[in-house]
Amino acid sequence: MQHRQLGPFQVSAIGLGCMNLSHAYGTPPSREQGERVLLAALDAGVTLFDTAALYGFGANEKLLGPVLKAHRQRFTLAHELGHAVMHPVPSSDMESQADRFAAALLMPARDVAPQLSGGITLPRLAALKPVWRVSMAALLMRAKTLGVLSESQSSYLWRQFSRFGYRTAEPQDVAVAAESPHVVADVLNVHLTELGYSLSELAASLHVYEPDLLLMHHLRSPSARPALRVVR
Ligand SMILES: [Zn+2]
């Protein structure tokens, strides 16, 4: 894919017009189909997406947002995991502790430090982002924490961030594909379809309500599952 400079951003020469995913050309596709189109475009190297509030009165932006904000997904989840393991009761500095936990989990010092030392620039952070699957801001903060960046270098780079509008939208946002958990759902599905467990038995043993169990793991409703299966 060829790239072009668009203001401060390097974008793919071919863009994806997203209006018809929510609006205008007949019946729009389902949300799942829309997400598949966006992910296929990401896979093909598209990093320029056209959307507007007018396309479906906000529906189009709501569709694109979660898919394209995937670069923040890992850090957000790791932050929440930090709370889960460290904070049975709230404390005043729990937010910064959870951030430090997430940073250490996703960017282990020994592995990331060599890649961050030797002169950090914005293009370098943008290149490292798809590798570590965290935002450029997270990489910059990690560099400061690990001491590979001086106070003045760090504040200079943060000023550059503001200057190019990276605090609201970073380059390479779309280079990190969204991930959805599937292992637990797969395990539950095997119990439902092959091991003879009923949904209510699974829900009871996991101490959750049946509708929540279906919703949380995107399980197929047991009534929709095929009654027969070919055994080879
Ligand atoms: Zn938090």
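**Figure 1. Domain 1 and domain 3, and the chain around them.** The centres of domain 1 and domain 3, taken over C-alpha atoms, lie 33 Å apart. Domain 1 covers residues 3–68, domain 2 covers 72–175 and domain 3 covers 183–224; these bounds come from an automatic or database domain assignment. What you see is a predicted model, in which local features need pLDDT of at least 70 and side-chain atom pairs count only at pLDDT 80 or more, while totals for chains, interfaces and linings use all residues. Residues are numbered from 1 along each chain as its sequence is written. Along the principal axes, the C-alpha atoms of the protein chain fill a box of roughly 65 × 50 × 40 Å. The protein chain holds eleven helices and four strands, which are DSSP runs numbered from the N terminus (helices H or I, at least four residues; strands E, at least two). Of the 232 residues in the protein chain, 22% are buried. Here a residue is buried if 20 or more other C-beta atoms lie within 10 Å of its own, exposed if 12 or fewer, and partly exposed in between, with C-beta atoms placed from the backbone.

**Figure 2. Helices α6 and α7 meet.** Helix α6 spans residues 122–132 and helix α7 spans residues 136–145. Their axes are 9 Å apart and pack at an angle of about 100 degrees; axes are lines fitted to C-alpha atoms, for helices over the stretch in contact, and angles run from 0 to 180 degrees between N-to-C directions. The two helices α6 and α7 are therefore roughly perpendicular to each other, given that angles under 35 degrees count as roughly parallel, over 145 as roughly antiparallel, 65 to 115 as roughly perpendicular and the rest as oblique. On the α6 side look for Leu125, Ala126, Leu128, Lys129 and Trp132, which meet Met136, Leu139 and Leu140 of α7. Two residues are in contact if their C-beta atoms, placed from the backbone, lie within 7 Å. In the contact of α6 with α7, seven residues are nonpolar, none is polar and one is charged. In this grouping Ala, Val, Leu, Ile, Met, Phe, Trp, Tyr, Cys and Pro count as nonpolar, Asp, Glu, Lys and Arg as charged, and the others, Gly among them, as polar.

**Figure 3. The buried residues of α7 and their partners.** Buried in α7 are Met136, Ala138, Leu139, Leu140, Arg142 and Ala143. These buried residues pack against α3, α4, α5 (109–116), α6 and α8 (151–163). Just past the end of α7, look for Gly147, whose phi is positive at about 75 degrees.

**Figure 4. Helix α4 from end to end.** Helix α4 runs over residues 94–106, 13 residues in all. From its first C-alpha to its last, α4 reaches 18 Å, close to the 18 Å expected at 1.5 Å a residue; the expected span is 1.5 Å times one less than the number of residues in a helix.

Figure 5. Ala24 sits in the loop between β3 (16–17) and α1 (31–43). Its phi is near 85 degrees, a positive value in a residue other than glycine. Ala24 is exposed, with 12 other C-beta atoms within 10 Å. His207 belongs to the loop between α10 (199–206) and α11 (210–216). For His207, phi is near 60 degrees, again a positive value in a residue other than glycine. His207 also counts as exposed, with 6 C-beta neighbours inside 10 Å.

**Figure 6. Leu202 in helix α10.** Leu202 is part of helix α10. With 18 other C-beta atoms within 10 Å, Leu202 is partly exposed. Setting aside neighbours within four places in sequence, Leu202 is in contact with Leu188, His191, Leu192, Tyr197 and Leu213. Pro88 is 114 residues from Leu202 along the chain, and their C-alpha atoms are separated by 27 Å.

Figure 7. Gly58 lies in the loop between β4 (49–50) and α2 (59–68). Gly58 and Ser22 are 36 residues apart in sequence, with 9.1 Å from C-alpha to C-alpha. Ala169 is in the loop between α8 and α9 (183–193). Ala169 and Lys69 are 100 residues apart in sequence and 9.5 Å apart in space, C-alpha to C-alpha.
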